[in-house]
Amino acid sequence: MSLRTLPLLFLNLGGEMLYILDQRLRAQNIPADKARKVLNDIISTMFNRKFMEELFKPQELYSKKALRTVYDRLAHASIMRLNQASMDKLYDLMTMAFKYQVLLCPRPKDVLLVTFNHLDAIKGFIQDSPAILQQVEETFQQLTDRYGGLSDGEFQLIRQTLLIFFQDLHIRVSIFLKDKVQNSNGRFVLPVSGPVPWGTEVPGLIRIFTDKGKEAKKVEFKHGGHYVTAPKEGSFELYGDRVLKLGTNMYSMNRPVETHMSGASKNLASRTQEIIAPNPLAKEELNFLARLMGGMEIKKPSGPEPGFRLNLFTTDEEEEEAAVLTHPLLGLALSLLQQDQQRNKELARIMGEFEVTEQPKQSASKGDDLLAMMDGF
């Protein structure tokens with residue numbers, strides 16, 4: 001397991017979250033100034049300097065549940081509200097998109113280019129906010145400093161750590177199913193075509209050498225794919241052509257994206273089991289959350305601007321249907337946690353924070369609530 005994986009995981013999942021929220025804000029015809037404020041507030045919180053300092057410290061990855069708690073707080077760092085079913089769908093889309101990108105990386109180091117693609121798009125969201133743009137560029141510099149000199153072997157370990165994190169997630173997503181890159185069981189289809197990794201040759205030739213290192217024979221074989229040589233290596237600079245398209249915004253064409261309920265309900269059982277039987281690292285995970293969320297300084301919003309609810313589903317009826325599947329299991333899990341209140345006191349408190357009030361409050365009181373929550377850590 002690599003201790004350098006968490007920043008890449010967090011930033012890429014966060015980038016996917018912003019893509020989805022931007023698409024839904026436009027789809028629901030939220031006024032441009034209000035939508036811009038939502039994205040600015042979330043990005044400002046996401047790239048807070050103290051938060052980034054904690055994030056970049058060498059540390060192991062913790063459970064999906066612990067990381068999900070951070071995104072739950074992050075998604076509600078503005079006047080926007082998501083109910084439980086929409087938050088579940090948002091997290092499912094985020095994780096499956098980044099899992100697909102990691103699987104398709106031509107070489108392990110390219111996961112850094114995927115991260116830069118996300119940061120490039122995030123910079124596009126905040127072009128009119130110089131202070132937030134500077135925060136993002138500082139994070140870019142941290143990535144360059146920390147990862148620019150890593151060996152291929154270290155990047156391979158990072159990629160393997162990411163794949164281990166994602167290995168049990170097989171949620172079906174409509175875009176992937178329509179493009180035939182995902183099977184009906186939720187597993188991805190890896191292509192046998194396209195550019196090969198930079199610095200490598202198109203397969204089809206075996207070279208045989210003598211014991212003195214001289215080439216003695218060449219044997220050609222049919223590889224069955226349609227590969228081409230990579231045109232050039234992607235840029236690792238602050239501004240440049242990344243070449244690799246993984247990590248760019250697949251929602252920019254306004255394509256509807258759905259997670260299929262059969263896959264979601266199947267995944268729900270494992271989520272509930274994770275809540276009912278917390279793993280032995282629960283205390284360490286709470287410490288992890290305390291450090292990260294303690295660094296996630298959320299400024300009190302100014303002005304009396306009211307909040308609003310964002311729906312990740314096409315209709316309210318679909319959201320309610322998903323909520324029916326979700327809430328009974330969460331209620332059961334919480335009741336079982338309460339049976340041993342002393343042992344699970346801290347974990348139950350965090351689970352309680354998963355429930356977000358559907359009726360939005362005034363932005364000022366929302367800020368007070370979040371600040372109080374952060375102080376509690």
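Analyst: **The aromatic rings and their surroundings**

Phenylalanine 176 counts as buried, because its relative accessibility is 4%; buried means under 20% relative accessible area, exposed over 50% and partly exposed in between, with a 1.4 Å probe and protein chains only. Phenylalanine 188 is buried as well, at 13% relative accessibility.

A word on the model, which is predicted: local features need pLDDT of at least 70 and side-chain atom pairs pLDDT 80 or more, while totals for chains, interfaces and linings use all residues. Residues are numbered from 1 along each chain as its sequence is written, and side-chain values use heavy atoms, without hydrogens or water.

The structure contains 10 aromatic pairs (ring centres of Phe, Tyr or the six-membered ring of Trp within 6.5 Å; planes under 30 degrees apart are stacked, over 60 edge-to-face, the rest tilted). One of them joins tyrosine 71 to tyrosine 91 in a tilted arrangement, with 6.2 Å between the centres and 50° between the planes. This pair links distant parts of the chain, since tyrosine 71 belongs to helix H4 (residues 64-75) and tyrosine 91, 20 residues apart from it, to helix H5 (residues 84-104). (Helices, H or I, of at least four residues and strands, E, of at least two are DSSP runs numbered from the N terminus.) Tyrosine 71 is buried because its relative accessibility is 0%, and tyrosine 91 is buried because its value is 6%.

Now back to our opening rings: phenylalanine 176 and phenylalanine 188 have planes at 80° and centres 5.3 Å apart, so they make an edge-to-face pair. Phenylalanine 176 is in helix H9 (residues 174-178) and phenylalanine 188 in the loop between H9 and strand S2 (193-195), so this pair ties together parts 12 residues apart in sequence.

Together with Phe10, Phe51 and Tyr91, Tyr71 forms one aromatic cluster. Leaving out residues up to four places away in sequence, tyrosine 71 touches Leu9, Phe10, Leu13, Gly14, Met17, Met87, Tyr91 and Met94, where contact means heavy atoms within 4.5 Å. Phe10, Tyr71 and Leu90 also have the most contacts inside the largest nonpolar core, a group of 82 residues (buried Ala, Val, Leu, Ile, Met, Phe, Trp, Tyr and Cys joined through side-chain atoms within 4.5 Å). Helix H1 contributes the most to this core, with 12 residues.

Beyond its neighbours within four places in sequence, aspartate 22 is in contact with Leu39 and an aromatic residue, Phe125. Leu39 is among the buried residues of H2, which also include Val38, Ile42 and Ile43.

Lysine 64 lies over the face of phenylalanine 165, 5.1 Å from the ring centre (NZ of Lys or CZ of Arg within 6 Å of the centre and within 35 degrees of the ring normal). Likewise, lysine 123 places its charged end over the ring of phenylalanine 140, at 5.5 Å from the centre.
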